[in-house]
Amino acid sequence: MTEDFKMLILKGLSETIEMVAISGFIALLIGMPLGIILVVTKKGHILEHEKLNKVLAAVVNAIRSLPSIILIVVLLPLARLIVGTTLGMKAAIVPISIGIAPFLARIIETSIEEVQWGKIEAALAVGAKPFQIILKVLIPEALPSLVRGITISIISIIEFTAVAGAIGAGGLGSLAIRFGYERFRKDIMIATVVLLICLVQLIQFSGDHISRYINKKRYKFD
Amino acid sequence: MISIRNLSKTFSTPKGDIQVLKDINLEVEKGDIFGIIGFSGAGKSTMIRCLNRLEEPTSGTVVIGDKNITDMNKDELREARKKIGIIFQDFNLFDSMTVYENVAFPLEISGYSKEKIKNRVGEILDLVDLNDKVDSYPAQLSGGQKQRVGIARALANKPDVLLSDEATSALDPQTTYSILELLRDINKKLNLTILLITHELDVVKYICNNMAVIEEGKIVEVGSTDSIFLNPKSDTAKKFVKIMRNLSINSHCPGGEVI
């Protein structure tokens with residue numbers, strides 16, 4: 001195994017992990033409130049506002065209609081505006097966060113919607129305010145399902161970073177393209193594939209584990 | 001204590017309007033246990049949910065204590081709801097919270113101190129006899145225990161009235177009686193007014209002093225439970241009494257029928 005191989009792979013891996021962590025965090029900051037707003041502003045819900053709901057749903061759908069590679073290119077000017085460059089990992093974080101946020105919002109919407117209406121009514125009936133219901137009832141009740149949804153989203157981010165890698169974002173995706181594909185480095189190609197598989201397995205395993213832990217705590221029988 | 005005047009409720013559906021409550025008038029005295037009985041679809045659930053406006057009445061007024069519930073804006077309604085307990089057929093407990101946290105929830109959102117909440121929760125859990133289950137989650141409880149938590153949660157804010165929306169309908173007969181005993185006990189100890197709806201005549205007969213019969217969204221009969229049992233006037237009341245007699249005769253002489 002050559003030095004450059006080790007260095008390239010380690011750099012790629014750490015870049016991918018960094019991109020996933022930062023853009024996942026930003027996407028969660030945008031997607032979580034967005035997903036919750038998409039639920040609670042529906043007709044008859046605790047913060048009913050049909051106009052806002054329709055506008056947000058349309059924006060979410062619009063962003064989700066674009067294939068990831070196109071979204072990345074379209075959002076490059078925005079990346080330049082925010083981080084000052086259209087190249088490298090920093091620039092990629094902007095389109096990845098914005099690309100994943102609507103996907104995450106839809107997944108969170110689905111999880112939050114699973115909370116039985118009766119529980120919301122029970123909270124309303126004791127005089128809870130909408131924000132108290134969101135924080136103390138909707139999110140905790142949906143938590144196992146939210147964790148599973150967020151896990152899926154993180155895996156989608158890995159996929160996104162690989163696409164971003166194709167236009168110079170760095171990470172394992174760009175390694176696979178620049179070295180594995182363009183320079184016929186079979187060893188790097190195989191290594192990136194193996195690492196990506198391991199990474200996804202690890203994330204899925206952790207997500208399942210956390211979700212199961214919460215459920216076990218709530219539903220175990222003495 | 002509870003005064004319902006000309007209460008109506010109409011649901012608009014694509015197929016047209018459906019009037020589920022038609023000009024309901026009813027008075028419930030303080031400290032009474034009052035039962036409303038009706039067959040499925042008679043509108044009883046909608047009616048009881050109109051009292052704390054989980055369902056918005058189309059017209060009419062509801063006065064509980066000295067407060068006109070139907071006149072209130074959202075903030076006033078939120079405050080008023082703290083004094084109107086409600087328990088549900090499906091319990092509607094929070095699965096993410098322990099028994100303690102479920103009962104503490106109404107107090108937490110009212111902003112009481114931790115110390116006060118702890119005392120109050122202990123007090124109510126004593127009352128409903130669940131002090132050994134504080135750290136259990138709802139999924140670990142039996143149906144009867146779940147409803148006890150529901151009752152404890154409804155009583156946390158020391159309400160003036162307790163509404164019971166088919167609270168025993170999901171329980172077996174024996175558990176039903178233990179819950180009814182508990183309600184009677186609470187009624188006596190706290191002088192709490194209880195309004196319950198049910199489709200089980202047994203329930204009304206067991207704990208209600210007074211009752212009303214609801215039929216297709218209208219109150220067709222009101223009176224003391226004894227008088228309605230002895231002399232049912234409306235069709236629904238007659239049917240209920242007949243079914244009950246048949247059932248009790250059947251249990252003594254299987255296959256028997258009242259002629």
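**Domains, sheet and chain contact**

Modeller: To begin with the domains of chain B in this predicted model, eleven residues of domain 1 of chain B are in contact with eleven residues of domain 2 of chain B.

Colleague: Which helix gives the largest share of the side of domain 1 of chain B that touches domain 2 of chain B?

Modeller: The domain assignment gives domain 1 of chain B as 1–83 + 161–230 and domain 2 of chain B as 93–158, and their C-alpha centres lie 24 Å apart. On the side of domain 1 of chain B that touches domain 2 of chain B, the residues divide into seven nonpolar, two polar and two charged. The largest share of that side, five residues, comes from residues 173–190 of chain B, that is, from helix H6 of chain B.

Colleague: Which strands stand at the edges of the open sheet of chain B?

Modeller: The open sheet of chain B has four strands in the order S2-S1-S4-S5, with antiparallel pairing. One side of each edge strand is left without a neighbour in the sheet, because each has a single partner strand; these are S2 and S5 (67–68) of chain B.

Colleague: How many bridges join strand S1 of chain B to strand S2 of chain B?

Modeller: S1(B) and S2(B) form a hairpin with two residues between them, and in S2(B) the bridge partner of B:Phe11 is B:Ile18. Strand S1 (residues 2–13) and strand S2 (residues 16–28) of chain B run antiparallel, and the number of bridges joining them is nine.

Colleague: What stands opposite B:Ile4 in S4(B)?

Modeller: S1(B) also pairs in the antiparallel sense with strand S4 (residues 59–64) of chain B, over five bridges. In S4(B), the residue that stands opposite B:Ile4 is B:Val62.

Colleague: Which elements of chain A give two or more residues to the side that touches chain B?

Modeller: The contact takes 20 residues from chain A and 20 residues from chain B, and the predictor gives the complex an ipTM of 0.90 and a pTM of 0.89. By class, the side of chain A that touches chain B has ten nonpolar, three polar and seven charged residues. The elements that give two or more residues to this side are, in chain A, helix H6 (117–125), helix H7 (130–166) and helix H9 (186–219).

Colleague: How far apart are the end C-alpha atoms of residues 151–176 of chain A?

Modeller: An unreviewed UniProt entry lists residues 151–176 of chain A among the spans for "transmembrane region". This span is 85% helix and 0% strand, and its end C-alpha atoms lie apart by 24 Å.

Notes
Residues numbered from 1 in each chain as written. Chains lettered and ligands numbered in written order. Predicted model: local features only at pLDDT ≥ 70, side-chain atom pairs only at ≥ 80, totals over all residues. Contact = placed C-beta atoms within 7 Å. Nonpolar A, V, L, I, M, F, W, Y, C, P; charged D, E, K, R; others polar. UniProt positions renumbered as here; feature names shortened; annotations may be inferred. Pairing = 2+ DSSP bridges. Domains from an automatic or database assignment.
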